[in-house]
Every structure is written in C-alpha cells, then in structure tokens.
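Have a look at it first, then read on.

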Amino acid sequence: PKWEVGAKRISRHYKWSLAKAFQKFEAPAVIVLEDDLLFSPDFLEYFQAAGPLLDCDDSLWIASAWNDNGFEHLVHEPKRLQRTEFMPGLGWLLTRKLWEKELSKKWPDMHWDHWLREAKQH
C-alpha cells in the first residue's frame, strides 16, 4: 500500500538523520524537533538542565519538551518537571549513549514513533 512507502521513508529518514548527527558532531546528545514547533524562551535552558538527569538516572530514557496537557489553565507549576511512561515525541533530547548502545541497532523500518512508545522499548 502507498501508506507503507511513506511510513518506511519517514522511519528510514529519522534513522539516517540521527546516525549522521551523532557521526558528524561530538555532542553527547541531539535534540529532535518537529518542523512546526514554536519554542518557549527557555527551550534550550530546559534541555541543558534536563540532559544531565539522563546521565545519572538509568530509569530515564529521553527528555521531552512537549506536554500534551501543557495549557495555561492546566499548568499550575511551570517549573515542575514530570516523569511519564509515554514517549511524547515532537521536541525531545536523545543521548548518544542510548542511540549507540540500543536504538540504532533495532530502529524499526516503519512507524518509529509508535515503536518508541511501546513499553518493551523502555
């Protein structure tokens, strides 16, 4: 089916892009962004603060700047960091360690985002 072609291209593009980013740059992590996101003023500061948590807590997988419920009328503590078992995607930080030791070896051929949300991946 036609949809499979698109799903495969997207997944392969993400894998290629992540591999190239880690090959080209010596960075300990990359930030993965959807192309239509608007950033908050503290976007990079947030990842600068959240990134080290991924290094010291093996139970954490990624850091995400996206909150499906992040509306002003729902958020009462704007500086609160929350843990979730759901991989929200959109704007997230992926460590080199997780990419090289785990994800790059088993990246799926289709539906990468659904795959990342499966509990067995965590």
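Is L33 buried, partly exposed or exposed, and why?

1. L33 counts as partly exposed because its relative accessibility is 35%. The cut-offs are under 20% relative accessible area for buried and over 50% for exposed, with partly exposed in between (1.4 Å probe, protein chains only). L33 sits in strand β1, which covers residues 29–33.

2. A word on the ground rules: this is a predicted model, where local features need pLDDT of at least 70 and side-chain atom pairs count only at pLDDT 80 or more, while totals for chains, interfaces and linings use all residues. Numbering runs from 1 along each chain as its sequence is written, and side-chain values use heavy atoms, leaving out hydrogens and water.

3. I31, L33, F39 and L44 make a nonpolar surface patch of about 370 Å². Areas are Shrake-Rupley values with a 1.4 Å probe, and for residues only the protein chains shown count as cover.

4. The chain has 4 helices and 3 strands, in the order α-β-α-β-β-α-α along the sequence. Both are DSSP runs numbered from the N terminus: helices are H or I with at least four residues, strands E with at least two.

5. Of the 122 residues in the chain, 29% are buried. The chain exposes about 9100 Å², with carbon and sulfur atoms supplying 55% of that.

Definitions and conventions:
Patches are made of residues with over 30% relative accessible area and no salt bridge: like charges are joined within 9 Å, nonpolar side chains (Val, Leu, Ile, Met, Phe, Trp, Tyr) within 5 Å. A salt bridge is a side-chain nitrogen of Lys or Arg within 4 Å of a carboxyl oxygen of Asp or Glu.
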